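Subject: Structure handover

Hello,

Please find the structure below. My notes on what turned up in it follow.

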Amino acid sequence: MALLGGGDCAAPALCLLIVCITTAFSFSQGVQEEHPAEYRYPFIRPASSFSSQPLTTAYDYIIVGGGAAGCPLAATLSRNYTVLLLERGGTPFANANVSFMENFHISLADISPTSASQMFISTDGVFNSRARVLGGGTCINAGFYTRASASYVKSVGWDDKLVNESYPWVEDQIVHRPDLVPWQKTVRDSLVEIGISPFNGFTYDHLYGTKVGGTIFDRFGRRHTAAELLASANPQNLHVLVHASVQKIVFDTKTRKNPRAVGVIFKDENGKTHKAILSKRQGSEIIVSSGAIGSPHLLLLSGIGPKKDLEKFNIPVVLDNKFVGKGMSDNPLNTIFVPSKTPVKQSLIQTVGITKLGVYIEASSGFGQSSDSIHCDHGIASAEIGQLSTIPPKQRTHEAIHEYKRQKKNLPHEAFKGGFILEKIAMPLSKGEITLSNTIIEDNPSVTFNYFSHPDDLARCVDGIRVVEKMLKSKHFSEYTQLDQDTVDKLLNMSVYANVNLIPRHTNDTSSLEQFCKDTVITIWHYHGGCHVGKVVDPDYRVIGVDRLRVIDGSTFKVSPGTNPQATVMMMGRYMGVKILRERLGKEAGV
């Protein structure tokens, strides 16, 4: 598709007319379709609206994955070039389970094919989820927003100035300052009291000590996702297809030394196959932004990966690279339930303790409390979403989830009054991998994280549990822990059935705490790796040994940035979009 105008539309009416004409030519198959509210922007369409006419399907950029990186990347590149953004899921705009904090756990508990999340179980036995919706992980996460440290930015070789321009571009559009609830204030004060200091106040910056970070939930509890960053796009140049499941990348392997990406094959919501073609214009690229599971998975199914693994599934080898899918990590999470005498107001993560022990301390509270306990849940630690922390990983099953749901109505309200202190390993040294289980892109690949296989990770978990113990002994938690003995005994007796872990009794016994860490490990969904820089992609995220193909997302990370990665993944999308435009156009890029 030819390059269209790169600036903002001076006349809104004319701009809208151009958008309608462009949409009609590129997406209609006869009569212009009605545009439901779920699509919000006129350039978002169902994949079945795609026209396969060659003239209308040659794009300057094809981005696979409309997630935390893909949305800001598409919005930025569209300022000057034509962009086709392909998202396998639907939109978040009319989805109440995505939009409202009070429904946080419902999308994660929904295992239907149309859910905004796709559950998977790693070979370790830990239940996990990946996003399947425009906006990616920003639609199903706990909303906490915090930047990467200055040392992280330096270590990956990013330009400080451009990084510090790119974060605010995200923040000005979708990030809010949280209204700190009493539970989070208690966590904050107890962290400072036990020496996780100084208190750095409200800040996006990654600083040792205790802080309050940003959130993508506004004061009404409504979520704002990366999909809203598409509002900054040039609507004349951007086409977004939802329910577009990319099956593989297409390569020209005959005319040049290196394989050359030329297009993608995708299926629409009706199962019909389409082919989108990349423009022959110099600089045009396919960019994979499908996340830490999706990106290495797509490369493997497209013929880029370990030759012997590809040949097992009769996949033609485009490039033999033994590193694709390797070096996967997930930050282990262990939780401690802190009961309360009275109901605690609902909150997701607002406060964080950044320790020098290699662990982060966060908290959540007060989910689903109602007069009917069957509606109660534990938010981030809910059994309904597979966070079965009272069952050792290898024993966790879907049947166990159903059994918990069946028994939950018999649990007393004490099991739901209180909150959780979350202890997360900052930079796990344990590594795993992604391998193919079949050749169906819609299915999950085989994922292994090898939690706590490195002894240093286990030692840090033990240190983290002892930090939590100190917090619970602080004066600021006295109101939460001073329960009558009958209530304490009741909680201890029902803890397994209620799926809550209280602080272990023998915290001076290191071997006992190590076993506690292994048995109660769950996820906070911060997995990363599989397309590491220097092994799969170069420092500019171009796939090594392949022309016109990049990977830009968390699969390139060796370490998860900051305490929670979403801020940096969104920043990365904007950063790389600006970098690419400036390299191609210089000052004329206008960004």
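Pro 198 sits in the loop between helix 7 (182–193) and strand 8 (199–202); helices (H or I, at least four residues) and strands (E, at least two) are DSSP runs, numbered from the N terminus. The peptide bond from Ser 197 to Pro 198 is cis, with omega near 5 degrees. Arg 40 lies in the loop between helix 1 (12–27) and strand 1 (44–46). Arg 40 has a phi near 60 degrees, which is positive although the residue is not glycine. For comparison, most residues other than glycine have a negative phi, and most peptide bonds are trans.

This is a predicted model, in which local features need pLDDT of at least 70 and side-chain atom pairs count only at pLDDT 80 or more, while totals for chains, interfaces and linings use all residues. Residues are numbered from 1 along each chain as its sequence is written, and side-chain values use heavy atoms, with hydrogens and water left out.

On confidence: pLDDT is the predictor's confidence in each residue, from 0 to 100. The protein averages a pLDDT of 90, and 91% of the residues score at least 70. Over residues 1–34 the pLDDT is below 50, and this stretch has 65 contacts in the model beyond near neighbours in sequence; contact means heavy atoms within 4.5 Å. Where pLDDT is low, the predicted coordinates should not be read in detail.

The structure holds one disulfide, that is, a pair of cysteine sulfur atoms within 2.5 Å. The disulfide joins Cys 461 to Cys 517, with an S to S distance of 2.1 Å. The link is left-handed, with -100 degrees about the S-S bond. Cys 461 is in helix 11 (residues 455–473) and Cys 517 in helix 14 (residues 510–520), so placed that the pair links distant parts of the chain, 56 residues apart.

Helix 11 and helix 14 also pack. Their axes come within 9 Å and cross at roughly 100 degrees; axes are lines fitted to C-alpha atoms, for helices over the stretch in contact, and angles run from 0 to 180 degrees between N-to-C directions. Helix 11 is therefore roughly perpendicular to helix 14 (angles under 35 degrees count as roughly parallel, over 145 as roughly antiparallel, 65 to 115 as roughly perpendicular and the rest as oblique). Both cysteines take part in the contact, Cys 461 from helix 11 and Cys 517 from helix 14. The contact residues divide into seven nonpolar, one polar and three charged (Ala, Val, Leu, Ile, Met, Phe, Trp, Tyr, Cys and Pro count as nonpolar, Asp, Glu, Lys and Arg as charged, and the others, Gly among them, as polar).

Helix 15 (residues 566–585) packs with helix 2 (residues 70–77) at an angle of about 25 degrees, with the axes 7 Å apart. These two helices are therefore roughly parallel to each other. Helix 2 contributes Pro 72, Leu 73, Thr 76 and Leu 77, and the residues from helix 15 include Met 570, Arg 574 and Val 578. By class, this contact has eight nonpolar, three polar and one charged residues.

Helix 15 also packs with helix 6 (residues 160–174), here at about 120 degrees with the axes 8 Å apart. That makes helix 6 oblique to helix 15. The contact of helix 6 with helix 15 has eleven nonpolar, two polar and four charged residues.

Regards
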